[in-house]
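Here's a structure to look around in. Take a moment with it, and then we'll walk through a couple of spots together.

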Amino acid sequence: NLTARAPARWRRHPSWGLLAVAAAVAGLCAWLGVGGRGTPPTGAAPPVSVSAASVAYTDVPIAVEALGAAQAWQGVVVRAQVNGRLQRVSVQEGARVKAGDLIAAIDPAPYQALLLQAQGALKRDQAQLQLARLMLKRYRQLAAQNSIALEQVDTERAQVEELEGTVLTDQGAVDSAQVNLNYCRITSPVTGRVGVRLVDAGNLVSTTDTGGIITINQLEPIAVTFSVPQGDFQRLLDASDGFRHPLGTQAFSQDTGALLGSGELTVADNHVDAASGTVQLKARFENQDRKLWPGPFVNVRL
């Protein structure tokens, strides 16, 4: 009987025995866990390199990141300014055009006829005006000799002034007809890339058409617009001396994170949007490699 053989103090305090047995078991488990493994060798700690540098003041770049969108620096929807039949579209889809290049032509025959009519009316009224001026000159000579009444001179003077107004009206009609005739030749207002053709030759086009004939986007340079919180805007305002100094801007692909181009901030909007508390900014990228394209979202680092 272990209890009978145990010392009297153990019998009086049974918890001491349980503690001794638990300690023995724990020691045995620890010996088994590390037994046979040996003591790991202790190696020397690797040396720590230390370098020294001179203290200096330098500028630390501060970046503001935002979500932006690329857009054409100038985007034009070419629409008809006169009504008529579209004779031809002179550019290929996707081609690069220069400002002043012929884009499309509208049948000019109706407008040539209107111009001819206006020119004829102008010549007729100019001849009548010339005759009225000669008559006024003669009437004044006769009035100086007291050969006719002064009322005749006044009447002829009024006739001359009326014909002068008629000639001015005719000249306006000629200029208007010439403008409409010029509108039959549609030229590119900007240098850029032509989009998909929206109307084919042979269709009737009108000044009320909203879709247009073709679109032209200027890609070199290209713009990236984005918004920053008003707190960041204040910091940018201070750092650029009221945007008098250019701020470098980078655009990165949202898909790959690749750098798409570097440019400069050119435009800051003239107000803070009260609904969002942000200010819209616009950066200019030369985009000579055409990595930026109008439409997609990009990550902007300003």
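Sort the residues lining the largest pocket by class and you get nine nonpolar, two polar and three charged ones. Keep in mind that you're looking at a predicted model. The pocket itself has a volume of about 340 Å³. It is lined by 14 residues, and the closest to its centre are Pro61, Ile62, Ala63, Leu236 and Leu302. Which elements give two or more residues to this lining? They are helix 6, covering 230–239, and strand 11, covering 248–253. Helix 6 supplies the largest share, with four residues.

You'll find glutamate 93 in the loop that runs between strand 3 (84–89) and strand 4 (96–97). Is glutamate 93 buried, exposed or partly exposed? Its relative accessibility is 43%, so it counts as partly exposed, given that buried means under 20% and exposed means over 50%.

What does glutamate 93 touch, once you set aside residues up to four places away in sequence? The answer is Val194, Gly195, Val196 and Arg197. Take valine 196 from that group: 103 residues separate it from glutamate 93 in sequence, yet in space the two sit 5.4 Å apart, going from C-alpha to C-alpha. A polar atom in the side chain of glutamate 93 lies 2.7 Å from the backbone nitrogen of arginine 197.

Technical notes. Residues are numbered from 1 along each chain as its sequence is written. This is a predicted model: local features need pLDDT of at least 70, side-chain atom pairs count only at pLDDT 80 or more; totals for chains, interfaces and linings use all residues. Side-chain values use heavy atoms; hydrogens and water are left out. On a 1 Å grid over the protein atoms alone, a cavity is a set of points where a 1.4 Å probe fits but cannot get out, and a pocket is an open set with protein on both sides within 12 Å along at least five of seven lines; lining residues have an atom within 4 Å of a point. Grid points are joined across faces, edges and corners, and a volume is the space filled by probe spheres set on the points. Ala, Val, Leu, Ile, Met, Phe, Trp, Tyr, Cys and Pro count as nonpolar, Asp, Glu, Lys and Arg as charged, and the others, Gly among them, as polar. Buried means under 20% relative accessible area, exposed over 50%, partly exposed in between (1.4 Å probe, protein chains only). Contact means heavy atoms within 4.5 Å. A polar contact is a pair of N or O atoms within 3.5 Å; within protein, one must be able to donate a hydrogen and the other to accept it, and residues adjacent in sequence count only if both atoms are side-chain atoms.
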